[in-house]
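Hi there,

Here is the structure I promised to pass on to you. Please open it next to this email and follow along as you read.

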Amino acid sequence: MSFEGKYNVKSPAVKRLMREAQELHEATEEYCAHPLDDNLFEWHFTVHGPPSTDFEGGVYHGRILLPPEYPMKPPNIILLTPNGRFEVNKKICLSISGHHPETWQPSWSIRTALLALIAFMPTPGNGTIGSLDYSTEERQKLAKKSLSWQCDSCGKIADLLSKDTAKTPITEEEQHMLDTIALKAEEASTNEPSFSSSIENVSESELRQRRMDTQPETHEQQEAEIIVNPQVETMSSSNDLFWSILIATLLFAIILLVLRRLFLV
Amino acid sequence: MENKPSQQKPAENTEVNQDELILQQQRRIEKEISESIALVGEKEPLQSLEREYLEDEVYLSKAKTLGQKYSYIRRTRPDGNCFFRAFSYAYLERLIDIKDEFEKFRELALKSKDNLVSLGFPEFTVEDFHDTFMEVIDKVGAGTEASRLELHKLFNEQGYSDYVVVYLRLIASGQLQREADFYQHFIEGDRTVTEFCHQEVEPMYKESDHIHIIAMSAALGTGVQVRYMDRGAGTEATAHDFPEGVPPAVHLLYRPGHYDILYP
């Protein structure tokens, strides 16, 4: 590989990334990813929009930035193709990307990150960092447009994915990891760990359904709390002020009356 | 405290700014720590511990009593991985001198990968950590004076050092999950053992508690003695053996939030 002269191949991180490059070398119909020619720590990837969603038929391209501490710290994902779910040119907030480093596990990999990204596309954004909530029509329009999108270094992205190589099936372990990832995101935004005990019994789609059901309210509540808090404070302090002025005025009036009574007699 | 000003800003920015500020501050602290404290330090006479507490009677008296039982201390970087790093360093250092125990450990380490894969850990990455772990073991296993230097060098190279920590975290997690019925009783809150492992054992930089130590010592069949040094009553740092009754192969000093290595 061309990296051998450039990087210390004895470094575990370099060894690991070269191994991952080998593993992801062949494109599948679901995703493909490769390191840039001159930088093993920056990759470009392409994923297919998940079927039976707003993104069906779309092809989305982006960058993966790997921190020097990889795989101890998570990769950052940046989408480049407009898609209506994630802002482009912005590090996006999956529970396994860099914004929530505490949930990342070194035994996950770039493949895990891509699978998580695909699984996350149809979930509601709810105003989290880097999220967009475009309508179905807008997303479908963007999905069609994405087929002619070009990357400066990779060319026309629609040609990058394989048309006949079946996707590598998601193993049981990976499915479990994906469940964990999805669950993590849910916990992070709703603070309801009570679902966790039933995870084994629910299928992923059910889980997603639940997330759609529960997330909006609770999240709005959270946001509302954040926004409202300062106002409540100022309101309560202005309330206090109002009452003190009232009490002071009344006291003053009483004293005045007493004094008048005393001196006018 | 530094977050205060951002709270005055418009609400829509609050979340982002807070996040960024916390991350920035965290990075600054991490950088400071990594610049000033080695991953694993040199062996120091125990008096250096006393010198830390000249102004603090409780700790000073405990440090002095500790000095009667232990001669040296080796400090580790407080990055949340200190238990696993201190434990593996101390254990491998001990094995340099004990050939048959080393062979036994090597055998166990070799088999550990298949055990983890059969428990459902992803083979592709577990293999990667396992290979590096075995590489470190074999480099140290020669049993010569050079082994000590090699051990110290590898444990101070972030890449190797962290890979050893990751793999030990996986082994501890495997142990907990294999005997989940037993360990479930020790887990606080509404979590299953598997969830606990995903949240508190496998991720890097997560601090270790009793349960991590119990799992680690059980998985490797190694006794660990921890001296707890805190503000509690008495003039001695309380000793705790994991598991009880097994002669300790590794001695650690615990001060709130941090583990260092002790030498009798």
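Asp162(B) is buried, because its relative accessibility is 3% and buried means under 20%. In this predicted model, Asp162(B) has a salt-bridge partner, Arg85(B), with the closest N and O atoms 2.9 Å apart. Asp162(B) sits in helix α9 (residues 158–178) of chain B and Arg85(B) in helix α5 (residues 82–95) of chain B, so the pair ties together parts that are 77 residues apart in sequence. Is Arg85(B) buried or exposed? Arg85(B) counts as buried, at 0% relative accessibility.

Now look at Lys69(B), whose side chain meets that of Glu236(B) in a salt bridge (2.6 Å, N to O). Lys69(B) belongs to helix α4 of chain B, while Glu236(B) is in the loop between β3 and β4 (238–242) of chain B, so this pair ties together parts that are 167 residues apart in sequence. Lys69(B) is partly exposed, with a relative accessible area of 41%, and Glu236(B) is also partly exposed, at 36%.

While you are at helix α4 of chain B (residues 57–69), follow it from end to end. Its 13 residues reach 19 Å from the first C-alpha to the last, close to the 18 Å expected at 1.5 Å a residue. Which residues of α4(B) are buried? They are Tyr59(B), Leu60(B), Lys62(B), Ala63(B), Thr65(B) and Leu66(B). What covers them includes α3 (47–52), β3 (224–228), β5 (250–255) and β6 (258–263) of chain B.

Next, chain A. Strand β3 (residues 59–65) of chain A pairs with β4(A) in the antiparallel sense over 4 bridges, and Gly62(A) stands opposite Leu79(A). In a regular strand, side chains alternate between the two faces of the sheet. From β4 (residues 76–79) of chain A, Asn76(A) and Ile78(A) point one way and Ile77(A) and Leu79(A) the other, and all are buried.

Arg63(A) makes a salt bridge with Glu42(A) (2.8 Å, N to O). The two are 21 residues apart, with Arg63(A) in strand β3 and Glu42(A) in strand β2 (residues 39–48) of chain A.

There is also a network of salt bridges that links Arg16(A), Arg19(A) and Glu20(A) with Lys113(B), Glu127(B), Asp128(B) and Asp131(B). Over all chains, the search finds 26 salt bridges.

Happy exploring!

Note on methods: Residues numbered from 1 in each chain as written. Chains lettered and ligands numbered in written order. Predicted model: local features only at pLDDT ≥ 70, side-chain atom pairs only at ≥ 80, totals over all residues. Heavy atoms only, no water. Expected span 1.5 Å × (residues − 1). Buried < 20%, exposed > 50% of the residue type's maximum accessible area, 1.4 Å probe, protein only. Contact = heavy atoms within 4.5 Å. Pairing = 2+ DSSP bridges. Salt bridge = Lys/Arg side-chain N within 4 Å of Asp/Glu carboxyl O.
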